[in-house]
Amino acid sequence: MGKYDYTKINLIAHQFLLNNCSPQYPINIYSEISKLENIQLITYEEWDRFMGQKIGRLASTYSPDAFTYNHPQIGFILAYNNKTNPYHRQRIQRIRFSLAHELGHILLGHFNNQDNSFIESSSPNNHYIEREADLFAAETLAPRSLINPYRSQTEIAKHFDISTASARISLYYKRNYSSDFFNEDKSLFNHFQYIERKFFLHNSPRNLLKNNDFDPSLTYDFLGVIFHFCKSCHHIDIVENRNYKFCTLCGSSNLLLVSKDNYFEFHETEEQTAFIDLEENEDMHYTKLKLDANGRLEEKCPRCENEDLRESYCNICGASIINKCSGNHIGSLWRPACTGHLLGADRFCPQCGATSTFLEDGLLKEYATTRNN
Ligand SMILES: [Zn+2]
Ligand SMILES: [Zn+2]
Ligand SMILES: [Zn+2]
Ligand SMILES: [Zn+2]
């Protein structure tokens with residue numbers, strides 16, 4: 001097994017998982033590190049703005065991915081490049097690994113014997129600690145006790161949200177080294193069993209973006225798509241040059257604009273939370289009416305089944321057959337309606353938060369009532 005102390009590395013990784021982390025996989029390494037008081041997580045841009053001047057060195061000159069600076073007053077500053085390899089398919093997984101690697105340097109005590117406050121990954125003297133930090137990262141993101149050795153690299157990578165390269169290494173260690181290192185110590189074995197049970201109970205793959213309108217491959221390949229994420233109902237709406245201040249599904253103004261600049265942080269925090277809630281409520285179901293190029297209902301009137309639709313209102317039941325802002329703000333004063341057409345799923349106007357005419361006329365049901373049917 002070489003000169004690395006696998007047992008020590010595994011133990012420290014598992015202590016971190018047990019003491020600090022929510023028992024969910026894939027682990028949200030960014031959120032978990034953010035909870036640690038002695039570590040400040042900052043982006044490369046923040047480093048260059050706040051520390052680069054004082055230290056006299058720009059972040060990208062340390063490492064393309066991440067580095068840690070042991071600041072005498074502040075403690076550990078973990079800087080990571082959230083813009084690394086913008087077009088790499090496994091960009092997010094690479095950032096996750098870099099964060100876990102840096103955490104490894106800190107928790108494995110690599111700074112204890114360092115005169116320098118930095119660990120230079122390029123220095124050949126540091127090969128040993130770099131390897132240790134890599135093993136820590138692999139074990140933290142994909143604990144060997146949770147890996148099914150009969151699954152493929154791709155499945156392991158997807159399940160733990162790691163790169164396929166990292167999954168290959170994890171599988172190698174799982175197949176070659178997992179059993180013998182437990183046998184020596186029964187209490188260690190029990191400890192690992194405990195962690196294994198705890199994590200297995202809650203272990204579920206993350207797949208938030210099953211939402212019909214949203215391409216699931218965006219979780220891996222995020223090429224500049226911008227969307228609004230509603231923190232209230234977890235609806236995702238891709239921005240189409242709309243003045244978007246309110247969620248079109250629930251009317252909430254509690255929105256997060258997600259772009260490639262903050263997608264990594266979104267992936268590691270809100271996206272995971274949203275997914276857990278979605279699991280409890282089953283899938284996100286809501287009706288969406290088909291509109292033609294003029295924004296008019298394409299098929300029949302959902303209220304009276306009239307198929308002969310012209311102009312702006314149904315000539316049988318009077319429902320608005322073009323979805324517009326109604327100006328009606330639930331629980332507050334009526335204000336003049338905004339101009340312009342809304343989309344076929346919009347219950348609320350994205351500009352002012354008033355109800356849509358489709359919702360007012362009962363053509364669309366409220367999101368809350370459609371959620372569980
Ligand atoms: Zn390193
Ligand atoms: Zn919403
Ligand atoms: Zn009608
Ligand atoms: Zn409006």
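These legends describe close-up views of a predicted model. Local features need pLDDT of at least 70, side-chain atom pairs count only at pLDDT 80 or more, and totals for chains, interfaces and linings use all residues. Residues are numbered from 1 along each chain as its sequence is written, ligands are numbered from 1 in the order in which they are written, and side-chain values use heavy atoms, without hydrogens and water.

View 1. Donors are N, O and S atoms within 2.8 Å of the metal (3.2 Å for Na, K and Ca); water is not among the atoms, so sites may look incomplete. Four donors count as tetrahedral if all angles lie between 85 and 135 degrees.

**View 2. Helix H5 is mostly covered.** Helices are DSSP runs (H or I, at least four residues), numbered from the N terminus. Eleven of the 15 residues of H5 are buried, meaning under 20% relative accessible area (1.4 Å probe, protein chains only). Among them are Ile-129, Glu-130 and Phe-136.

**View 3. The zinc ion (ligand 2) sits in a tetrahedral site.** Cys-230, Cys-233, Cys-247 and Cys-250 each coordinate through SG, at 2.2 to 2.3 Å. Angles among the four donor atoms are 106 to 114 degrees. The donor residues follow C-x2-C-x13-C-x2-C. Cys-230 is buried, at 1% relative accessible area. Cys-233 is also buried, at 2%.

Technical notes
Buried means under 20% relative accessible area, exposed over 50%, partly exposed in between (1.4 Å probe, protein chains only). Helices (H or I, at least four residues) and strands (E, at least two) are DSSP runs, numbered from the N terminus. Four donors count as tetrahedral if all angles lie between 85 and 135 degrees; four count as square planar and six as octahedral if opposite donors are over 155 degrees apart and all others between 65 and 115; anything else is irregular.
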